[in-house]
Amino acid sequence: MRRSGREKEGSLSYLKYVVAIVILLAAMIAAVVCYYMDMNEKLLSEARRNLKTENEYKEQYFWQFVNSRLNWYRTVAAFCDEPDGSGDENWHMILKEYSSDDMRFGIADTHGTIYFGDNETADISDRGYYNKVMQGEEVISDVLVGSWDGQETVVMAVPIWTDGKVSGAVCAEYTTLNLGQALNTSATEKAGATLVFDKTGKVVASYKGMENFTTIYDMLETMQYKDGNGVEKLKKDAAAGESGYMTYYNNNKVRLFYYQPSEYNDWTICSLVVTDAEEKVLKGLKTTSLWMLAGVIIAVVLILLTSVSGIRHLQKNVKKMQRDYLTGCFNRVTGKRIVERGMHMEQNKSFGACLFIDVDNFKGVNDTYGHDEGDRILINVGRILMQNTRDRDIVIRFGGDEFVIWMYKVDNVKAAEDVAKRILEAAYDEAGTGLSIGIAMVEPGEKNYDAVMKRADEALYQAKAEGKGRYAVYSDAAK
């Protein structure tokens, strides 16, 4: 009986250990599951924020590309002979030089005949974009099907004016793949792609592989969705000009998709990305959970190392997106956010002066020497600005050839003038570049970022009016 009691007691004790281990194991598994789900949600949220920032940047980049092309076509239109079919017009050499496999250049007359660089002509009198441009409008067409050797294309067109009347049009026809390449070749490109499409789903700016689908909706219909198909919602949002997110799976990889209305033609711009960083973290967590029975310490260490690695990777991507891809200066959105945060601090003692900087004769450099030379000048200017300011000062590429410096804790105009002088001398000596600078001081307690920028902009125009290559200080009296 005693032995039987000991056996029962031993069995009961063993059962208690088993129960304790099971409870501990269950608690550990529950903790891992909760942690895994929480990290999954946080990483997805962070990835969505990064994707939205990337998409907004790409929209700015795309329309800078489009506007730079339109500016050049306006220049061509200003010097074009009126197209009369004689073959002696001054624009024939331009057509031959700038046409390519992905873009063809053409000049249209008032009868709807367009002349191309390969001595071909076509009748475009029934094209909607042609009728608009002949009414004096600058036009970016919707997607044209079969206009050029069966390819899908988009046309940018500006009118040619003679004696106050439209006498023709400068037209540049791009393949949608060519526009997509312009959109997806920036220095900050991630593991994904950015597209532009119209309300019908026709892709305006495309990439390799999309030629297998008629619309972007057709492509998305082939993907897998765990929470219902978001394609119908995308169609409705695109038609209504709304923004939104989708999550789908392709080859068992999670893809995030963000879309927002664009500037022209009721188009929508969207970016998609493969969540590699998140999947690496989650895979590490899954692997770690299998080894939880080996010990709490090992499991916790693995979780922490994996989590820190993922978070650092995401933080590094966020920091990279805060900078202008070409010059390394803060981009316009991030710079404004930093300065406004400082301006709204108590009594606004953070930023005391604003310098608005413009590269003199920059358009002439681009037109004469090309955009590569223009980019080299912008890179040098950005470097000079950052070398001649302090770490706490905020140097922003405002857009194009315009830069802004917000000087930290400056309460007198002389300090701002000294920096302006150094920058002007360095730009001329080191880069052979002339700059014009407008200076505006921040009034004590002032919190209106745009008002200070406006004063600095007015001072910049004053510097240019006085002969460029100099600085001017905003003054109410001068105004």
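**Entry 1: Asp-88**

I started with Asp-88, which counts as exposed because its relative accessibility is 67%. My cut-offs: buried is under 20% relative accessible area, exposed is over 50%, and partly exposed is in between, with a 1.4 Å probe and protein chains only. Before going on, I noted that this is a predicted model, where local features need pLDDT of at least 70, side-chain atom pairs count only at pLDDT 80 or more, and totals for chains, interfaces and linings use all residues. Residues are numbered from 1 along each chain as its sequence is written, and side-chain values use heavy atoms, with hydrogens and water left out.

Asp-88 sits in the loop between helix H1 (2–79) and helix H2 (92–98). Helices (H or I, at least four residues) and strands (E, at least two) are DSSP runs, numbered from the N terminus.

**Entry 2: buried residues**

Next I looked up Asn-184, in the loop between helix H4 (176–183) and strand S8 (192–197). Asn-184 counts as buried because its relative accessibility is 17%. A polar atom of the Asn-184 side chain lies 2.8 Å from the backbone nitrogen of Thr-194.

Then came Arg-255, in strand S11 (residues 253–261). Arg-255 is buried, with a relative accessible area of 17%. What does the side chain of Arg-255 reach? I traced it to the backbone oxygen of Asn-250, at 3.2 Å.

Gly-112 is in the loop between strand S1 (103–108) and strand S2 (113–116). I noted a relative accessible area of 0%, so Gly-112 is buried. From Gly-112 to Met-134 I count 22 residues in sequence and 9.3 Å in space, C-alpha to C-alpha.

**Entry 3: positive phi**

Asn-361 has a phi near 55°. I found Asn-361 in the loop between strand S13 (351–359) and helix H10 (362–369). Asn-361 is exposed, at 52% relative accessible area.

Lys-468 has a phi near 65°, and its loop runs between helix H13 (449–465) and strand S17 (471–473). With a relative accessible area of 32%, Lys-468 is partly exposed.

Methods. Polar contact = N/O pair within 3.5 Å; in protein donor to acceptor, adjacent residues only side chain to side chain.
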